[in-house]
Amino acid sequence: MKLLKFFAVTIFALTLVACGKPTAPESAKEEGYGTTHEGKPAEGRNELPAD
């Protein structure tokens, strides 16, 4: 039973190492808010409300 727990913890730790850290950008650029990934203005339900 102890060996099974050891392997479970080892596999869990290796999984965390293999996945690495999140790939989100370190800082968001404010000029990109409200645009698509192509830099075009958003349309429809993704459009930002006018202030």
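This briefing covers the fold, the surface and the one helix of a protein chain. The model is predicted, and its protein chain contains 1 helix and 0 strands. Of the 51 residues in the protein chain, 2% are buried, and the helix, α1, has a count of 0 buried residues among its 18 residues.

**Helix α1**
- Helix α1 takes in residues 2–19, and L3 is one of the residues that lie in α1.
- From its first C-alpha to its last, α1 reaches 26 Å over 18 residues, which is close to the 26 Å expected at 1.5 Å a residue.
- Just after α1 comes G20, which takes a positive phi of about 75°.

**Surface of the chain**
- The accessible surface of the protein chain comes to about 5,500 Å², and carbon and sulfur atoms account for 63% of that surface.
- L3, F6, F7 and I11 together make a nonpolar surface patch of about 450 Å².
- L3, a member of this patch, has a relative accessible area of 55%, and L3 therefore counts as exposed, since the cut-off for that class is over 50%.

**Spacing along a helix**
- An α-helix has 3.6 residues a turn, so residues three or four places apart point the same way.

Key
Residues numbered from 1 in each chain as written. Predicted model: local features only at pLDDT ≥ 70, side-chain atom pairs only at ≥ 80, totals over all residues. Heavy atoms only, no water. Helix = DSSP H or I, 4+ residues; strand = E, 2+ residues; numbered from the N terminus. Buried < 20%, exposed > 50% of the residue type's maximum accessible area, 1.4 Å probe, protein only. Areas by Shrake-Rupley, 256 points an atom, 1.4 Å probe, with all protein chains shown as cover. Patch = residues over 30% accessible without salt bridge, like charges linked within 9 Å, V, L, I, M, F, W, Y side chains within 5 Å. Salt bridge = Lys/Arg side-chain N within 4 Å of Asp/Glu carboxyl O. Expected span 1.5 Å × (residues − 1).
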